[in-house]
Amino acid sequence: MFYIYCPHCGEHREEEEFHAKGQAHLARPLDPDNCTDHEWGEYLYMRKNPRGLHHELWIHATGCRKFFNMTRDTVSYEIKEVYKVGERPTVVAAS
Amino acid sequence: MSQKNRLASGGRVDRAKALNFSYNGRQYPGFEGDTVASALLANGVDIVGRSFKYSRPRGIIAAGAEEPNAVLQVGATEATQVPNVRATQQSLFNGLVCSATNGWPNADLDLMGYVGKVGGRMMPPGFYYKTFMYPPSLWETYEKFIRKAAGLGRSSTERDPDMYDKVNHHCDLMIVGAGPAGLAAALVAARSGARVILADEQSEFGGSLLDTRETLNGRPAAEWVATVVEELKQHPEVLLLPRSTVNGYHDHNFLTIHERCTDHLGDKAPAGQVRQRMHRVRANQVVLATGAHERPLVFGNNDVPGCMQAAGVSTYINRYAVVPGKELVLMTTNDHAYQTALDWHDAGRKVVAIVDTRQNPKGDRIDAAKSRGLNIIAGSGVIEVQGSKRVTGVSIAPLNAAGDALAGAVERLGCDTVASSGGWSPVIHLSCHTGSRPEWRDDVIGFVPGKTVQKQHCAGGINGTYSLKAVLEEGARAGAAACEAAGFSDAAKGISLPLAEEVREGKAMALYHIPHTKPTSRAPKQFVDYQNDVTAAGIELATREGFESIEHVKRYTAMGFGTDQGKLGNINGMAVAAKSLNQTIPQTGTTIFRPNYTPVTFGAVAGRDCGALFDVNRFSAMHKWHLANGALFEDVGQWKRPWYFPQGGETMQQALDRECKATRESVGILDASTLGKIDIQGKDAREFLARVYTNAWAKLPVGKCRYGLMCGEDGMVFDDGVTSCLADNHFLMTTTTGGAPRVLEWLELYHQTEWPELEVYFSSVTDHWATMTISGPNARKLLGELTDIDLDRDTFKFMDLRQGDVAGVPARVFRISFTGELSYEINVQANYGLHVWEKLFEHGAKFNLTPYGTESMHVLRAEKGFIIAGQDTDGSVTPIDLGMSWCVSNAKPFSYIGKRGMAREDCVRTDRKHLVGLKTREPKTVIPEGAQAVNDPKQPIPMTMLGHVTSSYYSANLGHSVAMGFVRNGHNRMGETVFYPLADGRVIEAEICNPVFLDPKGERQNV
């Protein structure tokens, strides 16, 4: 069970208060109507499943109800950082 | 009966407190301070069960959590039965009732034993897969037989009379294990002022210090333990948890502790006391001081009762004053185990021989044995044990220097006990729980904790550190390091550790499996994992059959499975596999242990979260009235919603018929409070609605309501509801009862992550309002008696909302309808709900105001062809599929959620599955929901399926059944016939029709 720092509340809370919402930084195409079916399918369905660092979207569901991002190691389950929506991660996988 | 193996003095049992207990129906005496295991051994009970696969008699091997055989069923009554209790961990109390779990009809006389003896060769590793898989139809027969043969205990069939608890903690240091290392760490931490939890699975703190004859400061080690515990008790920030097993080490330093608060007091907890408690600990730093388990050696017939782990024998002698036999042969690969022979000898029993696998052992303990005149046979091993229900003797033979072959003639010795020691395995279970791979150390001859991301410190036996002096030092160091990391510096200052004896020890030999005169496959069974009956030959067979990874070997042979988790056997098993594959143990792989370390009862897992407290129940403000008026309830999410209100001896169908007719003929009332309500405000609220609903919202005037469909980005419907415009920047959205939290999160997701520039705020107001819908031709007359709102049909029109007083309290009234009748949905503050509801009934009697529940609501809406999101939709249907293109606006400037998805190639096909009405040829027949449509019921199975029935009821108002369902290309097949073949052989014929069965022009709601 994770121990998660909510960047909005400024406190660590138990995982039970949060929901994981999958991969972070999925921008909705600005002009969906002019996307090809392929492009739209990529946005809708294609997700990363990395071994190691992963950027995820979470919500403090039973707390402040705000979304935020988390950089997490999918092997060790370490939370490397949390940051607000609109911000960029500072911990990124070496390419 | 006398306790024939009990010593007259010594040990930590209280001879003044005699206890009686029952094992397998016989009464035995014991003392306070005993475990069930020590009391059984004191009474000379050799057999505590039959083995899982071969049904061989088994005795007690160890004295702690690692005991594989003495797994008992405990409980004096049916309600207090507990399976899987280790006799070595259960404190004795007066009146305790226990029995062996394995063995049929009983452990001593076991009929299955003959099957085991005869069938042993037919039960090689993987025998389930090989033998019992075919034919599949017989598996149920096999399984019953196997289960009975295995007899792994049973749970109670009655309600547990005891109370269980859970508690959450946060602490600076969680110290696991209160042996010398744990106590030293705790002392350091306690003095630093840190908040400390110290847990140990045993009934008293001290760990190995309770079993040892080593001294601290020249005094018995237990005296130092008592001093330390006394000091720890004085520190207000220290929580001491004896009888508490840390069973799981989870991510981010979260640990679960299973405390057995009263298991040692009686069959049931004393009145008002909790039996067991689950502690959930979030620790800043963790100190693992879990010690080590001694490994027995693997040799022929090493499972005959009387074969024991050397350290276990010492524990029974020193802690419990029980010598579990008369004549001992000790086999060892190391110096430490000599202590067992010294203890045995000093207790006045005969040591037949110390068989040392090393050619030339040297050390203080060896000198001590020599000075007592004990017979040391160096460079030899016990290759085989004689006896069946108890050891009667051993065969020993010289070994070569490597220990992998015999180097001389076999000799026989008589004895009744064989203690063996192959060295120690650090108890690394907890450190593995979070995924950390252990590391092999040749100098330790064992696995130690590997790299971890947890804030974890290890001390003592878990590190392969075994000398008492070094263990104490390591404990103090780990405690100080953990304190430092938790922000308590200078912790170690002023701590003086007790002086331990220095014992010179020779080098231990890395030997696990003693060779035999015959090859392993033909030698007598050499057990590696007692609990799962895994032998050295079985492991060799597994490697020959191509299972080379130790993880595969484990699964194939079942080694390390079940409640045992490989505590005694895993390293030996890996050694056998490694030798067979001609590689080293680390090359063969590591092994990971999973939670739980030892079994946890369901009671402790559940705590108070059972019965009425299992889940949250939500009730509307009118719940009391529903109860008083005989409602039956349906669970909708966490809500208890009235299902229907039967009167007298009505059947369900009779009640529904009455409720539905009364509504259409006069007026009915529904408690709709559970519908999700989301208050939406802000200057961009209207724009936001237009983006999340499929239809248009730009021109909805203040005081008007509109129905909307919500889709995912894939164009599939996921919720629906009516949203009302209270002011230009203020809307009230309703959602389905079950979908409310999901919809709110969905709105927040898009607002917070995609369109933060829109100024809009969402707030759940579901619980703030009580909602009651009156529906039927007399609804206006009824409401008119209670409100100051002008209900004139031409000023308060269909889909209008008005605010005013109803029954003297402020209300919002929406003229919306889910029945197709003239309807008013009255919303008042929840606290006024019951008042208004009762006022409506006061005035409604003359109109035969009839309450109805969710079931009649379903029938009434199905008569009108209204969908229920989640029943008539399943995440694979678009608004077009539902025949609701009127609810989709493609003229909106913003590409709303779902628009692009609906334009996908597959979504614009005209022959998708469409929602249609279904009229049965036989009017009274109701098609079961879920039935599949086919074109040709005579087509051979598998028939081509066209879609399923989603809603189906009998309509008393229409005098025939009504149904909706999906049919491929259904919108283009109006008037055609489809068939529903059922499991019972019937075939129901139905005509595809418009789903609006009643009042297709919608005149009734506009009166």
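**A helix across a sheet**

Modeller: Start with helix 22 of chain B, residues 833–844. Helix 22 lies across strand 33, strand 39 (769–775), strand 40, strand 41 (809–814) and strand 42 (823–829) of chain B. Helix 22 runs at about 15° to strand 39 of chain B. Keep in mind that this is a predicted model.

Now look at the sheet. It is an open sheet of six strands in chain B. The order is 40-41-42-39-33-43, and the pairing is mixed. In general, strands of a sheet pair through backbone hydrogen bonds, either parallel or antiparallel. Find the edges next. Strand 40 (801–806) and strand 43 (850–852) of chain B stand there. Each has a single partner strand, so one side of each is left without a neighbour in the sheet. Neighbouring strands of this sheet are turned by 30° against each other on average, direction ignored.

Strand 33 (residues 668–671) and strand 43 of chain B run parallel. Three bridges join them. One residue pair to look for is Leu670(B) with its bridge partner Tyr852(B), which is in strand 43 of chain B.

Step back to the domains. Chain B is divided into five: domain 1 (14–150), domain 2 (164–289 + 468–485), domain 3 (295–421 + 505–588), domain 4 (671–861) and domain 5 (910–1007). Domain 1 and domain 3 of chain B touch, with 26 residues from domain 1 and 29 residues from domain 3 in the contact. On the domain 1 side, helix 1 (36–42) and strand 4 (57–58) of chain B each give two or more residues. Helix 1 of chain B gives the most to that side, with three residues. The domain 1 side divides into 14 nonpolar, six polar and six charged residues.

Two helix pairs are worth a visit. Take helix 12 (residues 536–544) and helix 14 (residues 570–580) of chain B. Their axes come within 9 Å and cross at roughly 45°. Helix 12 and helix 14 of chain B are therefore oblique to each other. Their crossing is right-handed. From helix 12 of chain B come Ala536(B), Ile539(B), Glu540(B) and Thr543(B), which meet Gly573(B), Val576(B), Ala577(B) and Ser580(B) in helix 14 of chain B. The residues of this contact divide into four nonpolar, three polar and one charged.

The second pair is helix 7 (residues 310–320) and helix 8 (residues 338–346) of chain B. Their axes come within 8 Å and cross at roughly 35°. Helix 7 passes helix 8 of chain B in a left-handed crossing. Helix 7 of chain B brings Ala310(B), Val313(B), Ser314(B), Ile317(B) and Asn318(B) to the contact, and helix 8 of chain B brings Gln339(B), Thr340(B), Asp343(B) and Trp344(B). By class, this contact has four nonpolar, four polar and one charged residues.

Finish with the other chain. Here 20 residues of chain B are in contact with 19 residues of chain A. Helix 20 (740–754) and helix 24 (899–902) of chain B each supply at least two residues of the chain B side. Helix 20 of chain B gives the most to that side, with six residues. The chain B side divides into three nonpolar, six polar and 11 charged residues.

Definitions and conventions:
Residues numbered from 1 in each chain as written. Chains lettered and ligands numbered in written order. Predicted model: local features only at pLDDT ≥ 70, side-chain atom pairs only at ≥ 80, totals over all residues. Axes fitted to C-alpha atoms, helices over the stretch in contact; angles between N-to-C directions. Helix = DSSP H or I, 4+ residues; strand = E, 2+ residues; numbered from the N terminus. Parallel < 35°, antiparallel > 145°, perpendicular 65-115°, else oblique. Left-handed = near helix turned anticlockwise from the far one by under 90°. Contact = placed C-beta atoms within 7 Å. Nonpolar A, V, L, I, M, F, W, Y, C, P; charged D, E, K, R; others polar. Domains from an automatic or database assignment. Pairing = 2+ DSSP bridges.
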